[in-house]
Amino acid sequence: MQIRGATFSRLRQQLRDLASAALGEIGPFLADEPLVKGTVYTLRRRCGKPTCHCASGAKHETVVMTASLDGKTRLWTLAEDQISQLRHRTERYRRFRQARAQVLKRQREMLRLIDAIEKARTRQP
């Protein structure tokens, strides 16, 4: 017995489309470059000395990285030669996590379609 109908055909096509799109999204998982979980940013602050230039406007700037370690947020001051590399690695980590979330979303949608196809194909004995 063969199932016919626009709904079933549309479900199968949507499933094929999702499966083929998933193949194009595995790039971030195949790369072997290191990832760093954290955020690199410029910290601006006042030192507290009344005669310092920061008292009247321009604050002192330091590039730092924050990350959660053992449930606590840690902050590290970065040397000039580390900034570019760590920014790049933290950005790759963010892209990796975004790609992971997209894969999970796509898998849920595929399961929804598979369940709908099963329902459309199942007949009473």
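Are E61 and R44 buried or exposed, and which class applies to both? Both E61 and R44 are exposed, where exposed denotes over 50% relative accessible area, buried under 20%, and partly exposed the range in between (1.4 Å probe, protein chains only). The model is predicted, so that local features need pLDDT of at least 70 and side-chain atom pairs count only at pLDDT 80 or more, while totals for chains, interfaces and linings use all residues. Residues are numbered from 1 along each chain as its sequence is written, and side-chain values use heavy atoms, with hydrogens and water left out.

Six salt bridges are counted, each being a side-chain nitrogen of Lys or Arg within 4 Å of a carboxyl oxygen of Asp or Glu. One of them joins E61 to R44, with an N to O distance of 3.1 Å. This pair links distant parts of the chain, 17 residues apart: E61 belongs to strand β2 (residues 60-69) and R44 to strand β1 (residues 39-45). Helices (H or I, at least four residues) and strands (E, at least two) are DSSP runs, numbered from the N terminus.

In helix α3, R94 and E91 lie three residues apart, about one turn of the helix, and form a salt bridge whose closest N and O atoms are 3.4 Å apart. A salt bridge also connects R95 with E91 (3.7 Å, N to O). Through shared partners, E91, R94 and R95 are joined into one network. R95 is partly exposed, because its relative accessible area is 39%.

R106 is also placed in helix α3 (residues 80-121). With a relative accessible area of 12%, R106 is buried.
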